[in-house]
Amino acid sequence: MNIETIKTFQSLKTPFYYYDTALLRATLQVAAQEAEHHGFHLHYAIKANANPKILEIIQGYDIGADCVSGNEVARATECGFPANRIVYAGVGKSDEEIRLALEQEIFCFNCESLPEIEVINAIAGELGKKASVALRVNPNVDAHTHHYITTGIEENKFGFYLYDLDHAIAASRNMENINLIGLHFHIGSQITDLTVFRGLCLRVNEIQARLKEQGILLPHINFGGGLGINYDCPTCGLIPDFASYFQVFADFFEAQPGQQLHFELGRSLVGQCGSLISRVLYVKEGKHKKFVILDAGMNDLLRPALYQAFHRIENLTSVQPHEKYDIVGPICESSDCFGKDRDLPATHRGDLLAIRSCGAYGEVMASRYNLRELAGSYFSE
Ligand SMILES: *Cc1c(COP(=O)(O)O)cnc(C)c1O
């Protein structure tokens, strides 16, 4: 962030989310271009950041939407995503949400259980529509990421288990108002080891080979999202390596003739463009350490408290010699802590701190716990 930007921060009410829209655009440009190079379809996972201004920018890059609630489907269409490029996932879709998505004529429901598909079938019948459905398969591939954001192993609640898949396919194909068009996989988030995606490709190849023996070919394969970002050093990885990511699928997935590949990226598209800007309220000397107490709390940014997530923290206004601090929020919970033993320039009341890499799962997870105001959002342009 340059001096001018920091100057403008001084007059703004803190805490707030700051989005570098130039970086967002550059990231989208690379992702869209690399996907297009392989003929892959991109759907932005709205749950990562549903700020309308962010969505309006993203939809301008010929990217569809991945939604996990009826309100996300509604927000996506309001912000310009074409309904026929919306996919809709989630283990617990309500009747009302299903009806809304059918009325909007979205591209595809990613379904996670037979009872759910039966309800979609019934509601589609009432509305005189046919629902396009992909089965979310739990491929039992370990994403080697944080326990809470691993979704593709058998102990998770997500998707059809492999041993159920044949039955689920047969049952779905028998339903009058269901059009089974594909398989969906999403094995976790913040995956930085690309060999995990290679493992996913190989597993999906096995599944496809089995289906082929039964004469089944589904035209759409959706590999979900999960590509990670560099939280340790945002400036080393401002734009994730989309080229290598997509290349894994081009190299290792054996697409059948005419098959279309889909991806649902969230974090990797928006993570690095956002920072949470906060002001130092107090510096408190403990017995063994010093605490920097911010005016931002876990209600503004939940990830450290929820997942013990690491975010880089920078002091934007001090250049004095470094000291070690624990950086905490004002909320009465011990988990309201953004970082322990962090090296920062000597920090004082009134300094501005930036918590980096907050564009994904930051603002969207904010709450009004303690009746605190929601943080605002500002854009670089
Ligand atoms: C959360 C989610 C995504 C996006 O995950 P990222 O790690 O942010 O890329 C994609 N698909 C589904 C089904 C999800 O639940």
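Predicted model: local features only at pLDDT ≥ 70, side-chain atom pairs only at ≥ 80, totals over all residues.
How many nonpolar, polar and charged residues does the lining of the largest cavity have, by class?

Let me begin with the cavity itself. The structure holds 1 cavity of 30 Å³ or more, and about 50 Å³ of space lies in the largest cavity. Its lining is made up of V87, F107, C108, N110, A134, I181, G182, L183, H220, N222 and H262, and the elements that give two or more residues to that lining are β5 (108-111), β8 and β9 (220-222). Of these, β8 gives the most, with 3 residues. To return to the opening question, the lining divides into 6 nonpolar and 5 polar residues, with no charged residues.

Now to the backbone. Most residues other than glycine have a negative phi, and most peptide bonds are trans. Against that background, Q190, which sits in the loop between β8 (178-184) and α8 (195-213), has a positive phi, near 55 degrees. Q190 counts as buried because its relative accessibility is 17%, the cut-off for that term being under 20%.

S357 also has a positive phi, near 55 degrees, and is found in the loop between β16 (352-355) and β17 (376-379). With a relative accessible area of 1%, S357 is buried.

Finally, the peptide bond that joins T14 and P15 is cis, with omega at about -5 degrees, and P15 belongs to the loop between α1 (3-10) and β1 (16-19).

Note on methods: Residues numbered from 1 in each chain as written. Heavy atoms only, no water. Helix = DSSP H or I, 4+ residues; strand = E, 2+ residues; numbered from the N terminus. Buried < 20%, exposed > 50% of the residue type's maximum accessible area, 1.4 Å probe, protein only. 1 Å grid on protein atoms, 1.4 Å probe; cavity = no way out; pocket = protein on both sides within 12 Å on 5 of 7 lines; lining within 4 Å. Points joined across faces, edges and corners; volume = space filled by probe spheres on them. Nonpolar A, V, L, I, M, F, W, Y, C, P; charged D, E, K, R; others polar.
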